[in-house]
Amino acid sequence: MHHKLDDLVLDNSFAALPEAFYTRLQPQAPSNPRLLHANAEAAALIGLAPQALQSPAFLAVASGQQPLPGGDTLAAVYSGHQFGVWAGQLGDGRAHLLGEVVGPDGSWELQLKGAGLTPYSRMGDGRAVLRSSVREYLASEAMHGLGIPTTRALALVVSDDPVMRETRETAAIVTRMSPSFVRFGSFEHWSSRRDPERLQLLVDYVIDKFYPAARDAGGEQGAVLALLGEVSRRTAHLMADWQSVGFCHGVMNTDNMSILGLTLDYGPYGFMDGFQLGHVCNHSDTQGRYAWNRQPSVALWNLYRLAGSLHTLVPDAQALRAVLAEYEAIFTRAFHARMAAKLGVSDWHADDEALIDDLLRLMHESRADFTLTFRAVAHAVRGDVGPLLDGFIDREAARAWWDSLAARQALDGRSAQGRAEAMDAVNPLYVLRNHLAEQAIRAAAQGDASEIDRLMALLRHPYQAQPHAEAYAALPPDWASDLAVSCSS
């Protein structure tokens, strides 16, 4: 483990691309920055010892006062479709890539979010607020705890500098980590500019660094098709992951879609409480484009935009379409596998579709709690069906559904205890509900990081009941129904 930032090994591969891909510039540190929280688990990924996180040198880097030793600070350019409409050039409007650190098991780019204006800020101020920063810091670690591919969070820095959103808030900076921050929109950028040379450079960079097996597909066009196929597969699996935990991203624009299939850019996200098929977590999304039940199809729409941007390099449109034609089956298989495990069924049968559909319909009609309903099914397997039935308005219909599931479960012969334990291992007890994030935000505004600490500990092990944590696994309180998140989050 390295005890000083100076000891880290860097390989700034994105910065080695031509300067058309980014602008080099330094962050603008807020006044009187303070380290509110640092994440030792994420630090280990870059080989940084926990003690190093408390050093003045670490605060200087995480607040944007000093560059990362050996780094190459820049803001990247990209374009994209936002809410289904071509938005043209976008880019890192409030993010600064500090450098790429070689960790024990792979490289991680470090990026400051909220560290001031860049050439891509457009109408923005380049800042992030405490509220959204706490939410991103916690959410990325919550997703990792659930086993869902995601960027990670290394540090949370706060300041008293005022920032105007819907109301006056205070500034904060998240240091986030990812093997890469390249997005679908990074490819759309060069395609829209009719610049096949730079598009090819980006494709080669991503293939050589992250998808080297694509080279085995034969020829340059074969490699591009293999890249698209792997991105499509990872995206399909990510959507199955999101759907299986009741997660809504909120802003699935093409510039928020990771080329590595990671959950990227946590804004107005939400883990559902009361289940609604068409739940919309972003109150800026007035059309409901990014509702929970539309996420898998929106991801495919976004993949079509990515494929369209690769058409310059692969003139055979039918070949591109053929790759994307596999997405639906890949997603469906992945989703069925996750739902079968959640319901304690060891292998998927075609008529299990009805079991899932009937449960989701019952949950929708009763606004049953997404997380607690699945946890209650395991209680029913152990012999206590009460908590499950209590979640539904129509108890008779819920009882009939449970009887159908119990009959289906009996076909594979596992013990009740073994089945219930397997279900608990895939049905989380703790998720980052909006009201839990809000409690952490309110404490953080007073300089108190204890609630962030508590949530991080729970969300790292979301499947295991932990002592004195009943309130974190309970239904949300009445005041939580007033919470709303928007694009400014």
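Student: How many salt bridges does the rule find across the interface of domain 1 and domain 2?
Tutor: The rule finds two salt bridges across that interface, where a salt bridge is a side-chain nitrogen of Lys or Arg within 4 Å of a carboxyl oxygen of Asp or Glu. This is a predicted model, in which local features need pLDDT of at least 70 and side-chain atom pairs count only at pLDDT 80 or more, while totals for chains, interfaces and linings use all residues. Residues are numbered from 1 along each chain as its sequence is written, and side-chain values use heavy atoms, with hydrogens and water left out.

Student: OK, and where are the two domains?
Tutor: Domain 1 covers residues 5-181 and domain 2 covers 185-340, with bounds that come from an automatic or database domain assignment. To their contact, which means heavy atoms within 4.5 Å, domain 1 brings 38 residues and domain 2 brings 40 residues.

Student: How far apart are their C-alpha centres?
Tutor: The C-alpha centres of domain 1 and domain 2 are 23 Å apart.

Student: What area is buried between them?
Tutor: About 3200 Å² is buried between domain 1 and domain 2, and carbon and sulfur atoms give 62% of it. Buried area here is the accessible area (1.4 Å probe) that two parts lose on being put together, summed over both.

Student: How many residue pairs are in polar contact there?
Tutor: Across the interface of domain 1 and domain 2 the rule finds 16 residue pairs in polar contact, both residues being at pLDDT 80 or more. A polar contact is a pair of N or O atoms within 3.5 Å; within protein, one must be able to donate a hydrogen and the other to accept it, and residues adjacent in sequence count only if both atoms are side-chain atoms.

Student: New topic: how many helices and strands are in the chain?
Tutor: The protein chain has 16 helices and 12 strands, which are DSSP runs numbered from the N terminus (helices H or I, at least four residues; strands E, at least two).

Student: And how many salt bridges does the structure hold?
Tutor: The structure holds 32 salt bridges. One of them joins R152 and E141, at 2.8 Å from N to O. Because R152 lies in strand β9 (residues 152-164) and E141 in helix α3, this pair ties together parts that are 11 residues apart in sequence.

Student: What about D265, which partner does it have?
Tutor: D265 forms a salt bridge with R176, and their closest N and O atoms are 2.9 Å apart.

Student: Last one: where is N434 found?
Tutor: N434 is found in helix α15 (residues 434-445), and its side chain is joined to that of R135 by a polar contact of 2.9 Å. The C-alpha atoms of N434 and P268 are separated by 10.0 Å, although the two residues are 166 residues apart along the chain.
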